[in-house]
Amino acid sequence: MSEYYRTRERMVNTQLIPRGIRDQRVIDAMRKVPRHIFVEEALAGQAYSDNPLPIGYKQTISQPYIVALMTELLMLKKTDKVLEIGTGSGYQTAILAELADWVYSVERINELVIKARKNLDQLKYYNVAIKLSDGTLGLREEAPFDAIMVTAGSPTIPEPLVEQLKVGGLMVIPVGDEFSQTLYRIIRTEDWYEKEDHGGCRFVKLIGSHGWSY
Ligand code: SAH
């Protein structure tokens, strides 16, 4: 067992389970995916601590608890086709790839696309396609999706993402101003959608034609 495996075990037992993460499949994925691979080598020692970390280009890898919570809220099945907006380091993408059939992940910064691809290839996540694009437009050519996860804070719920969700499908998205947001779970209905409040959070901005303009 590697030193990092034990650190991950501690992360699960001190940060996730005590705060109410219950889904065993999510817990197993968080135990398995080597988070330290997704941060700069100099920060690897902090990879399992209870906070977000910088990944360059003014972006961050989310705190482990938030990754686990957002994943749990999507209630993924192994047959699901998932869309993620904001690949960043690719860590959340790897967690999704453990639980779903296929993950499409969209990122607007090319350097992050390249790095995330390298990390996911190294760990043999071949059920992931990463695309350089404005994720607020979704990914029309691959829609509809069983689930959508947005890992950047949006001023509103982008309509193209609701449109690209299957009826009965779930989307998790932080919505608010640039300093704090509410984590919503959207349930796509025949009529449009319903939303549930899952508490406060803080993400970097979702920048795009249905997000922030800069
Ligand atoms: N899930 C990531 C978190 C990355 S931070 C991780 O685990 O590391 C949010 C990411 O969203 C940033 O990389 C940022 O560049 C990206 N982003 C912001 N607006 C976007 C948009 N419109 N389309 C795609 N990606 C976007």
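Analyst: In this predicted model, the buried residues of helix α3 are Pro64, Tyr65, Ile66, Val67, Ala68, Leu69, Met70, Thr71, Glu72, Leu73 and Leu74. The helix is accordingly described as mostly covered, with eleven of its eleven residues buried. Directly after α3 comes methionine 75, which has a positive phi near 45°.

The cover can be traced to a sheet and to a neighbouring helix. The sheet is open and consists of seven strands in the order β5-β4-β3-β6-β7-β8-β9, and its pairing is mixed. Because β5 (128-132) and β9 (193-201) stand at the edges with a single partner strand each, one side of each has no neighbour in the sheet. On average, neighbouring strands of this sheet are turned by 15° against each other, direction ignored. In general, the strands of a sheet pair through backbone hydrogen bonds, in either a parallel or an antiparallel manner. Here, β8 (residues 181-188) pairs with β9 in the antiparallel sense, over seven bridges. Within this arrangement, arginine 188 stands opposite tyrosine 193 of β9. Helix α3, which spans residues 64-74, packs on the sheet and touches β6, β7 (165-176), β8 and β9. The direction of α3 makes about 155° with that of β7.

Helix α3 also takes part in covering helix α2: the buried residues of α2 are covered by elements that include α1 (3-16), α3 and α4 (91-99). In α2 (residues 24-32), the buried residues are Val26, Ile27, Ala29, Met30 and Arg31. The N-terminal end of α2 is capped by aspartate 23, a side-chain oxygen of which lies 2.9 Å from the backbone nitrogen of arginine 25.

Serine 154 counts as buried because its relative accessibility is 0%. Its side chain reaches the backbone oxygen of threonine 156 at 2.5 Å. Residues up to four places away in sequence aside, serine 154 touches Ile173, Pro174, Val175, Gly176, Leu206, His210, Gly211 and Trp212.

The segment after β9 holds isoleucine 207. At 22% relative accessibility, isoleucine 207 counts as partly exposed. Apart from neighbours within four places in sequence, isoleucine 207 is in contact with Arg108, Asp134, Trp212, Ser213 and Tyr214. The C-alpha atoms of isoleucine 207 and aspartate 134 are separated by 7.8 Å, although these residues are 73 residues apart along the chain.

Both of these residues also belong to the surroundings of the ligand. The ligand is surrounded by 25 residues, of which the closest are Ser89, Glu107, Asp134, Gly135 and Ile207. Glycine 135 places a polar backbone atom 2.8 Å from a nitrogen atom of the ligand. A polar side-chain atom of threonine 151 lies 3.2 Å from a ligand nitrogen atom, and a polar backbone atom of glutamine 92 is 3.5 Å from an oxygen atom of the ligand. On its own the ligand has 580 Å² of accessible area, and the protein covers 99% of this area.

How values were computed:
Residues numbered from 1 in each chain as written. Predicted model: local features only at pLDDT ≥ 70, side-chain atom pairs only at ≥ 80, totals over all residues. Heavy atoms only, no water. Buried < 20%, exposed > 50% of the residue type's maximum accessible area, 1.4 Å probe, protein only. Polar contact = N/O pair within 3.5 Å; in protein donor to acceptor, adjacent residues only side chain to side chain. Contact = heavy atoms within 4.5 Å. Pairing = 2+ DSSP bridges. Helix = DSSP H or I, 4+ residues; strand = E, 2+ residues; numbered from the N terminus. Axes fitted to C-alpha atoms, helices over the stretch in contact; angles between N-to-C directions. Near = heavy atom within 4 Å. Areas by Shrake-Rupley, 256 points an atom, 1.4 Å probe, with all protein chains shown as cover.
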